[in-house]
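Here's a quick tour of the model, taken one feature at a time. Have the viewer open as you read.

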Amino acid sequence: MLSEVTDAVIGADTHRDTNQLEIAYPSGAVIATASFGNHNAGHAEALAWVFDHAPGPRLVVSIEGTRSYGVGLGRAAAAVGLPVIEAEQPRRKTRRGKGKSDPIDAHLAVLFALGLEVNKLPTPRADGDREALRILLCAREDLTTTSTAQTNRLKALLRDGGDADRRLACGKLTAAMLSELVKRRQPREASRAQAVRHAEIRRLALALREAARALTANKAELAAIVNDLVPALTDRCGIGPVTGAQAIVSFSHPGRCRNDAAYAALAGTSPIEASSGRTVRHRLNRGGDRALNRAIHVIANTRIRSDPATQAYVARRTTEGKTPREIRRCIKRYIARQLFRTLTTAMAPATVAAPSL
């Protein structure tokens with residue numbers, strides 16, 4: 001256990017303006033508590049305070065919100081060689097009878113760390129290229145959501161027009177169609193309603209054309225980073241720049257998931273017993289990282305449609321009595337295992353080992 005190999009644990013409850021810190025012995029007894037500003041000067045002051053009050057050199061920092069308000073403190077602690085772990089937000093059952101305050105939450109972060117095994121420490125997600133991929137994926141999600149809403153509004157406006165407009169609304173709006181709508185001139189005798197409708201159609205067509213260019217550039221950036229981090233990942237059937245980027249972002253770094261089963265659980269592709277009586281079966285886990293689950297779902301469907309080996313597997317399992325949903329579950333689990341092994345092998349050499357406790 002972590003409590004057996006450390007001299008003290010620092011728990012941190014992070015907020016927008018302040019960080020509440022507590023230093024405690026491995027027994028959980030409190031040594032000192034203090035609050036510091038959530039900025040570079042405050043982080044330096046907090047670390048100086050930690051080293052002044054620490055009873056020994058073997059220290060671990062347990063931070064709640066390592067990718068939120070605690071990101072600055074986590075980076076500062078890692079920069080001076082302190083191991084940082086990601087503390088889970090306390091659950092209602094844990095809080096019961098204890099109340100809610102910043103010092104209480106800092107102490108709960110300490111207790112969370114002391115209950116962990118040394119080989120199962122939840123380390124914060126990686127920065128660098130992984131963070132670049134995360135930003136690009138968030139931007140892509142926003143662009144896609146906005147474009148879908150704009151497409152729906154544009155088609156609704158086209159359906160209210162003449163036969164030519166209604167035909168455009170029935171199919172996919174290609175780049176050529178959008179350019180045609182942008183260049184379309186307003187009729188001379190147009191009423192006020194027709195003029196407003198024409199202007200809105202042109203505005204939406206321009207926005208969609210620009211969004212399509214932004215999505216193309218976004219995909220190219222994703223492909224460049226993915227190929228640098230994990231060469232040949234996108235050469236595998238069904239894995240493109242977007243799904244490959246999501247797999248890397250969720251994987252983060254070797255060690256975050258201790259094995260392929262843990263990665264499958266993170267992806268929501270681990271099998272869960274759903275047996276009853278004479279029926280022995282499994283179902284998919286509905287938890288985990290839903291963005292990663294969606295990426296694996298896309299990979300699985302692509303392979304089912306176009307990969308001969310996967311199609312042969314589907315045919316074989318169908319003759320064994322498996323349902324399409326059960327077959328897809330098995331394929332997703334295999335993809336999760338394959339992704340974990342590929343990412344671990346490709347990204348391990350660039351990983352710097354955490355300081356020993």
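Predicted model: local features only at pLDDT ≥ 70, side-chain atom pairs only at ≥ 80, totals over all residues.

## Aromatic pairs

There are four aromatic pairs in this structure, where Phe, Tyr and Trp rings (the six-membered one for Trp) pair if their centres lie within 6.5 Å, and planes under 30 degrees apart count as stacked, over 60 as edge-to-face and the rest as tilted. One of them is Tyr263 with Phe340, a tilted pair at 6.1 Å centre to centre and 40° between the planes. Tyr263 sits in helix 10 and Phe340 in helix 13, so this pair ties together parts 77 residues apart in sequence. Helices here are DSSP runs of H or I with at least four residues, strands are runs of E with at least two, and both are numbered from the N terminus.

Tyr263 is buried at 0% relative accessible area, and Phe340 counts as buried too, at 11%. Buried means under 20% relative accessible area, exposed over 50% and partly exposed in between, with a 1.4 Å probe and protein chains only.

Residues are numbered from 1 along each chain as its sequence is written, and side-chain values use heavy atoms, with hydrogens and water left out.

## The nonpolar cores

A nonpolar core is a set of buried Ala, Val, Leu, Ile, Met, Phe, Trp, Tyr and Cys residues joined through side-chain atoms within 4.5 Å. The largest has 33 residues, and Leu133, Leu233, Ile248, Tyr263, Leu339 and Leu343 touch the most other members. Helix 13 (324-347) is among the elements that give two or more residues to this core, as are helix 5 (129-159) and helix 8 (192-229). Helix 13 supplies the largest share, eight residues.

Beyond its neighbours within four places in sequence, Leu133 is in contact (heavy atoms within 4.5 Å) with residues including Leu222, Ile225, Ala245 and Ile248. A second, separate core has 20 residues, among them Ala32, Trp49, Val50 and Val84.

## Thr310

Look at helix 12 (residues 308-319) for Thr310, which is buried at 10% relative accessible area. Leaving aside neighbours within four places in sequence, Thr310 is in contact with Arg303, Ile304 and Ile331.
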